[in-house]
Amino acid sequence: MKLLALIPLLATAAFASTDSSASPPSASAANPASSGPAAASAPPTEDPTPVGALWTASWNSTTLAPYTQSCASRSTYKGTIYKLAQLYPDLETFAPQLKVFYNKQLYPGSWDGIDKHGNDRELIKMDMTDLPWKVREWIKKESTQRHYSVHDDIVFFAPGAIYPILPLWVEGGDEVECSDVFDGLDAYSNEPADGKTIGKVSHKESGEGEVEFTVEALQVKLQAGGERSEL
Ligand SMILES: *[C@@H]1O[C@H](CO)[C@@H](O)[C@H](O)[C@H]1NC(C)=O
């Protein structure tokens, strides 16, 4: 059972998340592999955003209400999605490199940041050329990043790995003032605040292992006089 060798590498119990549903203790307890040495590994310090803070969005229409929205834009991508259970034989040629890449690495979560652990953990596979230019540049520049595993012209990543660099997945809007608004990560936040960029990922699975996901981003500003309107 070669597959068992990978599970400890990807099944760390140390996965940090603000989402309490992400890491139920029962799931880790049911998976003895997660008590291995990898479980104690610390998150890498070079992450562009704090681990656990941005694996999913924490805003909704209620928390968005005090803000004006601008530059809303969305981009849609297609990829193939695999569960770890499919590693052999489906991804046999990629497996050795994937194991090294994810060794002692926190799994960033599947959709909505939820980590199903073990064999249900998911990876998206895409052609490098189908990634937006900004994401490819980020991968090139961040040579020590551990979210996108590049194999020549193929890339693998967990759905949750979109969140730490979400604005880079979204094209700027058509308006001049929106054209470069999602070029960097400085203004990115997982909850609304004045002048921040926020975003969300949605997806639908279509057919055999095909997935279509949409990444949306927008800028929010506190409404002028918003606080006084209560008086
Ligand atoms: C929106 O998010 C807030 C803060 O997380 C939460 O208290 C509230 O219940 C959410 N509202 C809806 C409609 O989901």
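Predicted model: local features only at pLDDT ≥ 70, side-chain atom pairs only at ≥ 80, totals over all residues.

Analyst: A contact here means that heavy atoms lie within 4.5 Å. By that criterion, among contacts in the chain between residues at least 6 apart in sequence, 75% join residues at least 24 apart.

A search of the whole structure finds 1 disulfide. Its partners are C71 and C178, whose sulfur atoms are 2.0 Å apart. A disulfide is a covalent bond between the sulfur atoms of two cysteines. C71 lies in strand β1, whereas C178 is in the loop between β4 and β5, so the pair ties together parts that are 107 residues apart in sequence. The torsion about the S-S bond of C71 and C178 is about -80 degrees, and the disulfide is therefore left-handed. Because buried means under 20% relative accessible area, C71 counts as buried at 9% relative accessibility. C178 is likewise buried, with a relative accessible area of 2%.

At 37% relative accessibility, T68 counts as partly exposed. T68 touches Q219, V220, K221 and Q223, leaving aside residues up to four places away in sequence. The C-alpha atoms of T68 and A224 are separated by 9.1 Å, although these two residues are 156 residues apart along the chain.

G209 is partly exposed, with a relative accessible area of 25%. Residues up to four places away in sequence aside, G209 touches G79, T80 and I81. Its C-alpha atom is 9.3 Å from that of K83, a residue 126 places away along the chain.

These elements belong to a chain with 6 helices and 6 strands. Read along the sequence, their pattern is α-α-α-β-α-α-β-α-β-β-β-β. Buried residues make up 48% of the 231 residues in the chain. The accessible surface of the chain comes to about 11500 Å², with 52% of it belonging to carbon and sulfur atoms.

The interior can be described next. In soluble globular proteins, nonpolar side chains tend to be buried together. In this model the largest nonpolar core has 39 residues, and those with the most contacts inside it are M126, Y148, F157, W169, F213 and V215. At least two residues of this core come from each of β1 (67–83), β2 (122–127), α6 (133–141), β4 (154–157), β5 (196–206) and β6 (210–222). Of these, β6 gives the most to the core, with 6 residues. Y148 touches F101, W138, I139, V155, F156, F157, A161, I162, I165 and W169, again not counting residues up to four places away in sequence. Another core, of 14 residues, lies apart from the largest one and includes Y82, L87, F94 and A95.

Finally, there is the ligand, which is surrounded by N60, T62 and T63. One of its oxygen atoms is 2.4 Å from an N or O atom in the side chain of N60. Taken alone, the ligand exposes 360 Å², and the protein buries 29% of that.

Methods
Residues numbered from 1 in each chain as written. Heavy atoms only, no water. Near = heavy atom within 4 Å. Polar contact = N/O pair within 3.5 Å; in protein donor to acceptor, adjacent residues only side chain to side chain. Areas by Shrake-Rupley, 256 points an atom, 1.4 Å probe, with all protein chains shown as cover. Core = buried A, V, L, I, M, F, W, Y, C linked by side-chain atoms within 4.5 Å. Buried < 20%, exposed > 50% of the residue type's maximum accessible area, 1.4 Å probe, protein only. Helix = DSSP H or I, 4+ residues; strand = E, 2+ residues; numbered from the N terminus. Disulfide = S-S within 2.5 Å.
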